[in-house]
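Student: I have a structure open and want to learn how to read it. Where do I start?

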Amino acid sequence: MRVFEVIKGRRSIRKFEDRSIEKEILQKLVEAGIWAPTGGNAQTWVFIIVTDRGRIQKIKAVSPGILGTPNALIVVCQDKELVYKKGGELGRDTLSIMDAAMASQNIMLQAYDEGLGFCPVLSFHKRGVQILLNLPERIVPELLISLGYPAESPKPPKRKFKEVYFFEEYKSTNGK
Ligand SMILES: Cc1cc2nc3c(=O)[nH]c(=O)nc-3n(C[C@H](O)[C@H](O)[C@H](O)COP(=O)(O)O)c2cc1C
């Protein structure tokens with residue numbers, strides 16, 4: 001598939017088939033993640049792949065943003081002690097979030113290419129997820145990616161295009 005086709009075809013999926021995902025595919029998704037760029041080449045992320053149904057259910061119980069019944073989760077985390085050591089406050093508060101987001105997009109685009117459905121989820125209880133995954137306090141989950149074989153093909157939500165870009169400089173349309 002061409003990259004633009006993948007970028008436009010990717011959708012957030014919230015209904016999944018009851019079918020497990022091979023471990024090798026999940027590992028490949030994380031490998032796609034680690035090829036994302038990182039500020040100062042920090043690579044301070046940690047990825048937890050969760051496939052155990054019971055554990056997924058428990059995580060879902062503290063994550064109102066997880067809809068449907070995913071067969072796997074990839075929890076994209078950052079080691080906040082390490083990012084602070086490497087990049088100070090900028091690293092801890094900004095770069096680490098950017099890096100986690102870039103890795104997550106790589107994971108999702110690769111997942112789309114593998115025929116999987118998935119949804120990024122930010123609505124979850126961080127401390128709850130830390131406890132359920134046995135994460136020390138310094139390893140903070142930044143984003144969950146729910147995964148499974150898709151059982152829906154939603155229409156893409158409309159995008160604004162012409163209204164959101166400018167050449168050379170911003171031009172106000174309402175005087176502000
Ligand atoms: C940072 C971020 C957090 C999100 N959190 C959730 C969430 O908690 N639950 C959910 O169902 N979708 C979540 N989404 C998915 C968005 O709702 C979705 O991307 C948006 O509606 C556009 O649809 P599309 O991804 O199909 O293009 C999140 C997306 C992003 C980028």
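What follows is a dialogue on the fold, the sheet, the core and the ligand shell.

Tutor: One caution before the details. This is a predicted model.

Student: Which secondary structure elements does the protein chain have, and in what order do they run?

Tutor: The protein chain has 5 helices and 4 strands. From the N terminus, the order is α-α-β-α-β-α-β-α-β. The C-alpha trace spans about 55 × 45 × 30 Å along its principal axes. Of the contacts between residues at least 6 apart in sequence, 82% join residues at least 24 apart.

Student: How do I read the sheet?

Tutor: Begin with the general idea. Strands in a sheet pair through backbone hydrogen bonds, and the sense is parallel or antiparallel. Here 4 strands make an open sheet, ordered E1-E2-E4-E3, with antiparallel pairing.

Student: Why is one side of E1 and of E3 left without a neighbour in the sheet?

Tutor: Strand E1 (45–50) and strand E3 (117–121) are at the edges, and each has a single partner strand, so one side of each lacks a neighbour in the sheet. From one strand to the next, the twist averages 20°.

Student: How many bridges join E3 and E4?

Tutor: E3 pairs with strand E4 (residues 139–148) over 5 bridges, in the antiparallel sense.

Student: Now the interior. What is in the largest nonpolar core?

Tutor: Buried residues make up 34% of the 176 in the chain. The largest nonpolar core holds 34 residues. Those with the most contacts inside this core are Leu73, Ile74, Val75, Val76, Ile145 and Leu147. Elements giving two or more residues to the core are helix H2 (23–34), E1, helix H3 (53–61), E2, H4, E3, helix H5 (126–132) and E4.

Student: Take Ile74. Which residues is Ile74 in contact with, leaving aside neighbours within four places in sequence?

Tutor: Leu29, Val30, Phe47, Ile49, Ile107, Ile145 and Leu147.

Student: Last, the ligand. Which residues are around the ligand?

Tutor: List the shell, then sort by class. Around the ligand are Arg11, Ser12, Arg14, Gly65, Leu67, Cys119, Pro120, Val121, Leu122, Ser123, Pro156 and Pro157. The shell has 7 nonpolar, 3 polar and 2 charged residues.

Note on methods: Residues are numbered from 1 along each chain as its sequence is written. This is a predicted model: local features need pLDDT of at least 70, side-chain atom pairs count only at pLDDT 80 or more; totals for chains, interfaces and linings use all residues. A residue is near a molecule or strand if its C-beta atom, placed from the backbone, lies within 6 Å of it. Ala, Val, Leu, Ile, Met, Phe, Trp, Tyr, Cys and Pro count as nonpolar, Asp, Glu, Lys and Arg as charged, and the others, Gly among them, as polar. Two strands pair if DSSP finds at least two bridges between them. Axes are lines fitted to C-alpha atoms, for helices over the stretch in contact, and angles run from 0 to 180 degrees between N-to-C directions. A nonpolar core is a set of buried Ala, Val, Leu, Ile, Met, Phe, Trp, Tyr and Cys residues joined through C-beta atoms within 7 Å. A residue is buried if 20 or more other C-beta atoms lie within 10 Å of its own, exposed if 12 or fewer, and partly exposed in between; C-beta atoms are placed from the backbone. Two residues are in contact if their C-beta atoms, placed from the backbone, lie within 7 Å.
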